[in-house]
Structures are given as C-alpha cells and as structure tokens.
Amino acid sequence: MKPLIAIVLLVAGGYPLAFLLTRRWLLAALTAPLVSGVTASLAVIGMLATEGSFRVWLAVVLVAQWLLVAWRLRRPGSPLPYATWADILCYVLPLGLPALLVLAPPVQWDAHSIWWTHAAYFVQGGAFARHDMGAAGYFFSHPDYPPLASAAVAGAWSVLPGYSFRVAQLVTTALNLSAIGVLAYAVRSVTGRAPAALSRLAAVAVALAAWGTAPYTVAGGLSDQLWAAALVGAAALLLLGDQPLARPAVPLLLLTVAALSKNEALTPVLSVALLVTLRERRNLRRVWPVWVPVLLGGGWMLFARTLGARSELTTRKGFIGLFTGDKAVYDRLPPTVHAMQSMVNILVVTAVAVALVGWAVLRRQRQALGIGSDLWLWSIAVAYAASLVFVYVTATGVGLAWYLATSMDRVMVPIELLACLSAVCWAVSAVAGRRDPDVEHGQPVESDQVSELAGRAAG
Amino acid sequence: LDKAEFDLMREQLHDQVPPDHSIYMDVRDDWSGLWTQRIGEFAAMSRLHVVADRADADYVVSLGRDPSAPMGVRIVAEAAR
C-alpha cells in the first residue's frame, strides 16, 4: 500500500503547478512528478543552506508553490495543444508494458549506493546531510550528484517512514516515466502539423527508445532516463518547435529537471541554452529564462563543492594529464571510443544516413511541417559525446574497464534518444509530405489547435 | 543481496547502534565494495555517521561469520571506547 500512496503524493504535490503550466488535466498529471521533483530539490537546497529540517523546508516550498498557483490561476490561460485524452493515452499506454519491469526487486547497485543513500541522509536534515556529503567515507556514492531523484525519494520517506526500498523504487520509476511521457508529448508537439496518427506514432517511437541501451534502469531506481528524456524533450520543444518561446514553461521545466538530475547533464543543458540563444538571436529579451536551468545546475555543482562533496571519479592528475600529454590518460581514449561505438554505432550511422538523405530531398516538407533544423540535435549529441570522452579519459581514479562496463550503456541513452528523434522527424516529413498536400503549405491539421484558437476567441 | 537480505542487514545495524553515533567500518577483503557501500547506506538510514578514523568512532562495525545469515555473515557492532 505504501508505494501506491507514495505515487499519489508525488503526483498530488506537483499537480497544481503542473496544471497552471499546462492548463490540461491529464497532461498536468503526467508532468506533476517532475514538478514535485524540482520542488523537493529546492527544499533540499534550502535545507542544506540553512542546516534546517527537510520536512520543514519541504512544507515551506510546497505551500509557496501552491500560493503561487492560487495567485496565477486567476489570470486566463489557454490549454496546451496536443494533450487531449486520446493523445495522453497514446503517450502512456505503450509505456505500460516495459514499465512492468518495476516488478523486479529493488536491488540495483547504483540505486542503493547513490540515489537512495543520498535520500537517506537528506531525510536526516541539513546538518547531518552536510556532514555526510563531505565525508570521505561516502565519495563512492558521488555525493556531488544533483539532488532531484534523491530529493523526491526523501520526500516520500519523510511522509511514509521506514525507508521502504519498494517506495524508493516506485518514486524513481514514476519520475523516469513522467519524463519519458513528457518527451512523447514534446515529439507530438513538434510534429503536430502532420496527421495526428502519424504524429502520435512518432511520439511513441521516440519514447520507447528510452528503454534501448539500458532497459533495466528505467524501473530499477536509477535516473539516467530521467535526465536524458527531459533533456531531449526540452531540446525538441526549444530547437525543433515553432515559436518555442511563446509557451516556454514545459521545456524550461524539462531543462531544469535535467540540470538537477545528474552531473553529465550540465554540458548538454548548456548546449541547449547556447543553441536556443543562437536560434532566437533576434528575440534575445525573451531568451534569458533558458539560462536559469544552467545557473541551477552549475550552482548546485559549486554549492556541493563548498560542502566538501567530491566523487571518486574526478582527479586533478587526470585533468592535468590531458593537457601535459600523459600517456596513462591518452591510453584511455581508444577503449572509450570503442565502447561508445559498440553501444550506438549502428543506430547513429543509420540516423546520420537518414538525416543526410532527408536534408537532400525532404527539406521543403520538413519546413512546411514547421520542424526546426536537424543540426541543432546533432550539435547537442556531439558536445555531449565529447564531454563523455573527457570524463572517461580523465577519471584516472578508477579502472577504465570497470568504469566502461558499469556505465556506458546508461550514459549513451541521450545519444540514442537524439538519434531516434532526428530519424523520426525525417520519417514524419517523408510520410506527411507525401500523404497530405496541405502540409506543403504549412497548414496545421491538428484539431487541438482549432479548439485552442476557438477558446482564445471565446475568452 | 536480495530485498529481504537488504532489510535484514539494515535491521542488524539499526538494532545494535543507537542513532546519532559514529561508526568505523572494519570490513576487510571487501574488494567489490559491497559491504562498505551497503553499511554506508544503512548507516545514513539509522542516522549514524561513518568516520574514516577508528579513533573518532563510537562503534566499530565488522562482519561476523554466521552460516544461517545472508551470504554467511552478519553485521556486528562493538563499542569503540
């Protein structure tokens, strides 16, 4: 019973703000766990800064959030398109089958050693958590990792005492599924001018790819799909979407979730912010909010360092060795690249080939659908891949073979999702451009948009 | 360790060391880090701090042989001073 109560609390905690952002009952329910995760993260940051109680900070942040919602809900707002009950069922139902992996026992190594250990010391309050984050005995646990996934579990454990691992597993899984579901919504939005069935199929295809290279992590208590799906969803809405800054709340939420979920997200989050700034360079006054997630993610890294949090992976020797030509560092390069290739080589080569063919023959159809340039996605993928290579070659504090074997499948999820999103957008351009002559003239065929316009006219 | 074994080991530590004390882990030959990491996790749940120096500890935690226990061992905590 406790795990189900935890899920209800996770949805209920973030639901008011999620509804304010989306003005859709079902999309708000899908988004609410991510809002709860960000809320719990802010409570952890406040608690650590003041050495206060986590329960008190969680209550304060929740009440502040609900007051904000009560104030802002009085203003009229239009519902987001592409979130009818049929859309939401299309996003959620196909995820049900792979989500059944949550029935596996909660015994994944990193779930215990990282995310639930952090959650346990967060529950004990600010002074206790600050001590443990800076303690050498916990460097194995990467105490510098951002707090979102652990904060959500700590919130559940605060309300439902007993440190149930099943509760922790379900909360983490709900966060992952929420991010994957909102990623599906993002794909549906950017392909919204295509026929609805095709656009929904595209959304589900990209969402299901989240189980590709590391299927055991989605429901195992890990957070790799959480930040990867959130990042790719934000990238889709901000870089492929038409007028991305007209309704920026959902993509900014996704970008914030990515920045507060894992260290390796910071480079791609920074990439997205830079690329959005470049894309919207004629609209710079409205771009600044995309830098807020960058500041939050970077701010957490600096804050954690001031508390003494360090990871056993990062070593000054490896970093210096990169610039002094240290053979021990450079010998790590070929196996790292080989491991990356072995995970996603066929997928990436195929997606690049599809992109090149698409660029040659489908540009007009893509433009007519209002889908932004594919180069944005590949720029993020290249920057992220480069950051991964940097981390693996400079992490001389751990054996490379072990490090690659225990993590490469998980850290490749964002590359996999970006490649799938690229290929799917070209596939939609090909099919929609061939089947629907209206698309050539850029006319939307989405009934949601019609109802939205009608609603605006009425209200 | 399966879920039941996780819970059992956690209770063993919780039952032997009262909250707000510090423990030193005297776990030898832990090449995989299994016990170091699990006891570290269970310590946070029991509101115990893990210290790196035995002299700073209130309790020393080690693994005792017990053929009937998970993986043949049980958590043993003894007062350090």
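**View 1. B:Ile23 and its partner in strand 3 of chain B.** B:Ile23 has B:Tyr59 as its bridge partner in strand 3 of chain B. This is a predicted model, in which local features need pLDDT of at least 70, side-chain atom pairs count only at pLDDT 80 or more, and totals for chains, interfaces and linings use all residues. Residues are numbered from 1 along each chain as its sequence is written, chains are lettered from A in the order in which they are written, and side-chain values use heavy atoms, without hydrogens and water. Strand 3 (residues 59–65) and strand 1 of chain B run parallel, paired over 3 bridges; strands (E, at least two residues) and helices (H or I, at least four) are DSSP runs numbered from the N terminus, and pairing takes at least two DSSP bridges.

**View 2. The other neighbour of strand 1 of chain B.** Strand 2 (residues 49–51) of chain B is joined to strand 1 by 3 bridges, also in parallel. Here B:His49 is the bridge partner of B:Ser22.

**View 3. Two covered faces.** In a regular strand, side chains alternate between the two faces of the sheet. In strand 1 (residues 22–25) of chain B, B:Ser22 and B:Tyr24 lie on one side, B:Ile23 and B:Met25 on the other, and all are buried (under 20% relative accessible area, 1.4 Å probe, protein chains only).

**View 4. Where chain A meets chain B.** Here 21 residues of chain A are in contact with 22 of chain B (heavy atoms within 4.5 Å). Helix 5 of chain A gives the largest share of its side, 7 residues.

Key:
Buried means under 20% relative accessible area, exposed over 50%, partly exposed in between (1.4 Å probe, protein chains only).
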